[in-house]
Amino acid sequence: MYPTFNLSTSDHSNLSDADNLRLQELTHRSVKVSIIIALGVMITLGNIAVLMVITSSVAGWSRNSRYFLLSLTAADSAFGLLVMPLNLWVSLLKDYSEGPDAFCHVVAFCNATVYSACMYTLATISLERYIAVFYPLQYSSLMTRKRTLLLICFAWCFPPFLLSPITFPDGIIEVHFSTASLVCNPSYSTNVAYTLSLTCLIFFPCSIVMTYANLRVWCAAKRQRLKLRKYGCALRSRHNVAARVLVPVMAAYYTCWTPCMAVMIYNAVSGSSVPEWVEFVVVWLPTSNGFLNCIFYFWINKNFRRKFHLILQRLALALCPELANTFGWSTTSSAQFVSGILDNNNLVHERSSSVSSTCTLLSMA
């Protein structure tokens, strides 16, 4: 926990190093706050744009896929709308009140819950992708609406159950506010067993599911691509869709989450802290995954971009027709034709509408 910086004559020699460290961290506070705010704005704006599109029908996305992606959007939006404001608020309060308090425990619980819900949601999306690709005929019976909603409920309800001990000030694990990362964090070294159990129940299972499912889907898409090329059915200029989608998704996941988990385990086992900027980066790096998800799961999809442009055109025509005419956006028959194609995608079969199959398998068979 935090030492009290009472610089009396007898304690000055003992506390000077800790005091200097805190002063050094506070000098970087404005830079850190600016980075956090900029990241929060990017995440919020990106997910608002995503929400505008997936609340309506998008060509190539089934109802179940939209449920999972709405859950992912909610988890990513929580980074910018809940996690960042709460921790910045606590960082302001801690200028005047040192040490842990009940509110800091609640903030730490919210942080951990949003982080965990995001990982579980990513795992459920990978599971849906796997089922859509390898069990196409059974997809409708395996991924019913009820089971889809149950998976989403599990992704949001199981983490609070695991993390509930963090909310109690006198519970099984202590919480402190870190001036290095400007975050309310559990003191992992105060309960090593609980910390390791969290990683074994959250990070490692989600990583295993995502790695296995996406690797199998990537191998299946590669085999299909080679088979089509062998029989001359594929265009040589066609991009490797599976690699373009799955590789960035997995690379972003491990880049954003692995350092945070590694430092968490290191702090728990060794009881030592990492350098100031290392702690700041690894703590806030997972939140950047909330912005990268907007790119890899949404913006990289051509149908999503097309629908987003159509929505922008409709908004511009409704709010500012002069601006729409400037950009050449008008209610022509071609725009109405595109709108009709996009809005009638519910007629497509569930498997072919799945975001997993359209993103990873070659459609030029």
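Let me begin with K32, which counts as buried because its relative accessibility is 0%, where buried means under 20% relative accessible area, exposed means over 50%, and partly exposed lies in between, with a 1.4 Å probe and protein chains only. Before I go on, please keep in mind that this is a predicted model, in which local features need pLDDT of at least 70 and side-chain atom pairs count only at pLDDT 80 or more, while totals for chains, interfaces and linings use all residues. Residues are numbered from 1 along each chain as its sequence is written, and side-chain values use heavy atoms, with hydrogens and water left out.

What does K32 pair with? K32 forms a salt bridge with E276, and the closest N and O atoms are 2.6 Å apart; the rule here asks for a side-chain nitrogen of Lys or Arg within 4 Å of a carboxyl oxygen of Asp or Glu. Since E276 lies in helix α9 (residues 276-299) and K32 in helix α2, the pair ties together parts that are 244 residues apart in sequence. E276 is buried as well, with a relative accessible area of 10%. By this rule the count comes to 1 salt bridge. As background, side chains of opposite charge can pair when their charged atoms come close.

Now the chain as a whole. Its secondary structure comes to 14 helices and 2 strands, taken as DSSP runs numbered from the N terminus, with helices being H or I over at least four residues and strands being E over at least two. Of the 365 residues in the chain, 47% are buried. The accessible surface comes to about 17700 Å², and 67% of that belongs to carbon and sulfur atoms; these areas come from the Shrake-Rupley method with a 1.4 Å probe, and for residues only the protein chains shown count as cover. If we take contacts, meaning heavy atoms within 4.5 Å, between residues at least 6 apart in sequence, then 79% of them join residues at least 24 apart.

The UniProt record, in an unreviewed entry, places the feature "transmembrane region" at residues 33-55, 67-86, 106-127, 148-168, 192-215, 245-269 and 281-300; the positions are given in the numbering used here, feature names are shortened, and annotations may be inferred rather than shown by experiment. Let me take two of these spans. Residues 245-269 are 100% helix and 0% strand, with end C-alpha atoms 36 Å apart. Residues 148-168, on the other hand, are 76% helix and 0% strand, and there the end C-alpha atoms lie 32 Å apart.

Let me return to helix α2, which also holds N47. Is N47 buried or exposed? N47 is buried, with a relative accessible area of 1%, and, not counting residues up to four places away in sequence, N47 touches T73, D76, S77, G290 and C294. I48 lies in helix α2 too, but I48 counts as partly exposed, at 45% relative accessibility.

I48 belongs to a nonpolar patch on the surface, formed with I37, V41, L45, M52, L315 and L319, and together these residues have about 650 Å² of accessible area. Patches are made of residues with over 30% relative accessible area and no salt bridge, with like charges joined within 9 Å and nonpolar side chains (Val, Leu, Ile, Met, Phe, Trp, Tyr) within 5 Å. Helices α2 (29-54) and α10 (302-319) each supply at least two residues of this patch, and the largest share, 5 residues, comes from α2.

As for α10, its 18 residues should span 26 Å at 1.5 Å a residue, and the end C-alpha atoms are 26 Å apart, which agrees; the expected span is 1.5 Å times one less than the number of residues. Its buried residues are F304, K307, F308, L310, I311 and A316.

In helix α4 (residues 102-134) we find T124, buried with a relative accessible area of 8%. Leaving aside neighbours within four places in sequence, T124 is in contact with F68 and L151. The C-alpha atoms of T124 and M210 are separated by 8.3 Å, although the two are 86 residues apart along the chain.

Finally, the strands. L182 is found in the loop between β1 (175-178) and β2, is buried at a relative accessible area of 2%, and has a positive phi near 60° in a residue other than glycine. In general, most residues other than glycine have a negative phi. N185, in strand β2 (residues 183-186), is buried with a relative accessible area of 14%, and beyond neighbours within four places in sequence N185 is in contact with V175, H176 and V283.
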